[in-house]
Amino acid sequence: MLTDNQFLRYQRQVAVPEIAEDGQERLSKSHVLIIGCGGLGSAASLYLAAAGTGKLVVVDDDEVDSSNLQRQVIYREHDLQVAKTEATAKQVAQLNSMVRVRPINKRLDKTQLQLEVMLADVVLDCSDNMPTRQLINQVCFESNTPLISAAATGWQGQFAVFDYQSFKQSKACYRCLYPFDELNNDQKCSASGVIGPVVGMLGNYQALAAIQKLATGKFHVATAKLHLFDGLKMQWQTMGISKDKQCLVCA
Amino acid sequence: MTSLEQHTTQAHSLEPDLITISINDQAHQVASESNLQQIIRQFELPEMGCVFAINNTVVPHSEWGCTVLSQGDSLSLFQAIAGG
């Protein structure tokens, strides 16, 4: 049962038939692991907190820099040089005191990541590098935890949901799509340009997919597909992903 | 007769036929029975961090050498990104 406070606060979300009171209650008991508190994590954590997600665990080892403020909209000028996870936790608490938030101000090794993934209902990969993305994919696959992945650079965004809870063997994993551990330097976020609303859109897509799964019990978006966003044409394109029979993770 | 037409004519008699495919929406002719790896080499397409899709389905890296293109296929390539 929702409390009166919850009902009043979330009424516009509860009024959506696919959510309703049951969905809101499921969401309020859900636990989301957000890895990376940059542009993706900023958008996703704000929307998931506002929506009344039960618990957010936010992971990052970085501090807020003035060059982050152009797109990492959760931070304020007075957060400069503050740990991103601490600043995120503070903003989330101010936005919605019903949400529990636990900051982890470091890079997790595999064992720590396995534990955090095990505790989570869904994982949002909001990280900014390929080795981390491959590790998150492997751990999510091994623990049957849904992975909601997004990335952005320049005007481009890439988004994919891997529902390891339901499809496991039949569909492709993240590594089937990207079987490499490093990218060229010029593709890393820190070294290249990125438009704020593009990374924000991708983070919002992650929050939206998480709300689908947590509140309605399933992803309505097509899973194991690559959704490509072009911020210049403002168009989405969808690509199928074939399962790689030689995949190091899922084959 | 252009060199391409000569090549096509010869191809009919001795060599494999040419087929037309598109690479990122631009039409190109390639030998029929070409596989994706051969096309990547022929057009010197970038490989590092790159993903190739035929008719909007990504081809796994391990299948580049055994995936044969057909007449009219649409090949698209794009870079993986990791920024967050």
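User: Let's start with two helices in chain A. Which hand does the crossing of H6(A) and H7(A) have?

Analyst: The crossing of H6(A) and H7(A) is right-handed. Keep in mind that this is a predicted model.

User: At roughly what angle do the axes of H6(A) and H7(A) cross?

Analyst: The axes of H6 (residues 110-119) and H7, both in chain A, cross at roughly 50° and come within 10 Å. Roughly parallel would need an angle under 35 degrees, and roughly perpendicular starts at 65, so H6(A) and H7(A) count as oblique to each other.

User: Which residues meet where H6(A) and H7(A) touch?

Analyst: H6(A) brings A:Lys110, A:Leu113, A:Gln114 and A:Val117, and these meet A:Leu135, A:Val139 and A:Cys140 of H7(A). Sorted by class, that contact has 5 nonpolar, 1 polar and 1 charged residues.

User: In what sense do E8(A) and strand E4 of chain B pair: parallel or antiparallel?

Analyst: To read a strand pairing, look at its sense and its bridges. E8(A) pairs with E4 (residues 57-58) of chain B in the parallel sense, over 2 bridges.

User: Which residue of E4(B) stands opposite A:Ile241?

Analyst: That's B:Val58, which faces A:Ile241 from E4(B).

Key. Residues numbered from 1 in each chain as written. Chains lettered and ligands numbered in written order. Predicted model: local features only at pLDDT ≥ 70, side-chain atom pairs only at ≥ 80, totals over all residues. Pairing = 2+ DSSP bridges. Helix = DSSP H or I, 4+ residues; strand = E, 2+ residues; numbered from the N terminus. Axes fitted to C-alpha atoms, helices over the stretch in contact; angles between N-to-C directions. Parallel < 35°, antiparallel > 145°, perpendicular 65-115°, else oblique. Left-handed = near helix turned anticlockwise from the far one by under 90°. Contact = placed C-beta atoms within 7 Å. Nonpolar A, V, L, I, M, F, W, Y, C, P; charged D, E, K, R; others polar.
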